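Please have the sequence and the model at hand while reading.

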Amino acid sequence: MVATPGGFLYEHLADELVHAIDRGSLRAGDRLPSVRRLAQERSVSVSTVLEAYLQLENAGLIEVRPKSGHFVRRRAAPAPASEPRVPRPVVKPSRVTVSDAYTRVLAAMRDPSLVPLGCATVDAAYLPIAQINRIITQVTREMVTVGARYEAAPGLLTLRRQIARRAVESGMTLAEDDLCTTIGATEGLSLALLAVARPGDVIAVESPAYFGVLQTIEGLNLRAIEIPANPRTGLDVSAFEETIRQQRVAAVVVTPTISNPLGAIMPDEERERLVRIAKRADIPIIEDDVYGELVFDGTRPRPLRAYDDEIVVHVSSVSKTLAPGYRVGWIAGGRWHDQIVRKKYSHSLACPALLGMAVAEFLASGGYDRHLRRLRGVLAGNVERYREGILEEFPDGTRVSSPRGGFVLWVELPPGGDALALHEAALRRGIVVAPGPLFSARQRFGNYIRISAGTPWDERIAASIRTLGRLAAKE
Ligand SMILES: Cc1ncc(COP(=O)(O)O)c(C=O)c1O
């Protein structure tokens, strides 16, 4: 392959064709020039054109029709007018550089002195922290030696029992022995990737993806390939299917119930199809379910793990519903359970026993469901109020997601909008938002931001949204 200073020739050609499709100069159903003709026109080799076409095929943009040639494929139905659009797919895997490129952005998102529109956490006022703290006091009174031994992997039995009980209610067949406790879902994601992939392997992720997954991929020296995701229906399963036909993929990481940042919920048929395709190709699915309990109307879809208990590795935590600071998470490793337990040993050996006990006690008390019902109600209200505020205050042409759960909004700025410049300008005024490029291995989504609606709407938030709107009109 011929490499130029900006990359391989076939990549330039593929990019050019993608732009032509984006601009509409090549439309759904149009036939692309024959390989030989394009090679002649561009003075490149036939194999360069073939490689470029292959990249576009992998990305689900074009299809080959036997004996007829290459054709532009139909795209998924467009989102309703005010919702963010699905940008063009990425055509090849890449190394991830989220941590290096965005150290300052990530630090700002965690700075408690700023107006917290960046970090995906809910306000302390919504969480039963006082109740859990009371349980902690009680546990330390009754079990004075709680800290005197390791609750080594697979971790605290009482906690695993409570998690298994709740999992069965959501449609999964999980027993306590299928589970290992983890330090938040973050450790679960790391352990899952450590168990199923080797350095250099390619991991399929949603595009946009939760940046923490990208950082984990980066930290483990893996590569990411971005699969387009729709703000309503999540991961494009057809694009995933095409990708794995062309490219070896070691695993796919997906958040099927309220993805972050899109807030999408995969329909049941697509869940079933994803599991069937992955199973046939023997590709592990790492299911991140941290928002699973936060569907506003309480109709939690069946997790992917309910469709298959072998190929799906299920990861979750109480970070979005109870207490992110307690770092209580878990993993049901399916076929990789034993490896995951061994990895947990070498990674961190055990989880803090006291916090696990307190959460297990809280789950057993029956107060969790009551708390969740209240939490879903307030978050639904917040999301609606923030959404209206953004649509009112941001410049014309802004699009905002309309999630059916969770508490983050994905905002597409009008063409030309610069999320990183907006982030910087907002920071100077004491407000933090999450800029779109954080959510992509290739720093795409330059004109998107994520706004968290986890804080009660009040005058300070209203004023911050107004300020952001004004800045967005300038940046
Ligand atoms: C999709 C997703 N997965 C995992 C996490 C991290 O979870 P934990 O705090 O349990 O490590 C987050 C936090 O923002 C998230 O949004």
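How many salt bridges does the count come to? The model shown here is a predicted one, and in it the count comes to 27 salt bridges.

| Salt bridge | N to O distance |
|---|---|
| R42 and E16 | 2.7 Å |
| D369 and R166 | 2.9 Å |
| K279 and E310 | 2.8 Å |

The salt bridge between R42 and E16 has its closest N and O atoms 2.7 Å apart. Because R42 belongs to helix α2 (residues 35-42) and E16 to helix α1 (residues 9-23), the pair ties together parts that are 26 residues apart in sequence. R42 counts as partly exposed, since its relative accessibility is 35%, and E16 likewise counts as partly exposed, at 40% relative accessibility.

**A pair between distant parts of the chain**

The side chains of D369 and R166 also meet in a salt bridge, at 2.9 Å from N to O. This pair links distant parts of the chain, with D369 in helix α14 (residues 367-393) and R166 in helix α7 (residues 157-169), 203 residues apart. D369 is partly exposed, with a relative accessible area of 31%, whereas R166, with a relative accessible area of 11%, is buried, because buried means under 20%.

At 36% relative accessibility K279 counts as partly exposed, and E310 counts as partly exposed at 28%.

Returning to D369 and R166, these two residues also belong to one network, in which salt bridges that share partners join R166, D289, E293, R300 and D369.

**A positive surface patch**

Which residues form a positive surface patch? The patch is made up of R428, R429, R470 and K474. One of these residues, K474, has its place in helix α16 (residues 459-474). K474 has a relative accessible area of 60% and is therefore exposed, because the term applies over 50%.

Definitions and conventions:
Residues are numbered from 1 along each chain as its sequence is written. This is a predicted model: local features need pLDDT of at least 70, side-chain atom pairs count only at pLDDT 80 or more; totals for chains, interfaces and linings use all residues. Side-chain values use heavy atoms; hydrogens and water are left out. Patches are made of residues with over 30% relative accessible area and no salt bridge: like charges are joined within 9 Å, nonpolar side chains (Val, Leu, Ile, Met, Phe, Trp, Tyr) within 5 Å. Accessible areas come from the Shrake-Rupley method with a 1.4 Å probe; for residues, only the protein chains shown count as cover. A salt bridge is a side-chain nitrogen of Lys or Arg within 4 Å of a carboxyl oxygen of Asp or Glu. Lys and Arg count as positive and Asp and Glu as negative; His and the chain ends are not counted. The place of a charge is taken as NZ of Lys, CZ of Arg, CG of Asp or CD of Glu. Helices (H or I, at least four residues) and strands (E, at least two) are DSSP runs, numbered from the N terminus. Buried means under 20% relative accessible area, exposed over 50%, partly exposed in between (1.4 Å probe, protein chains only).
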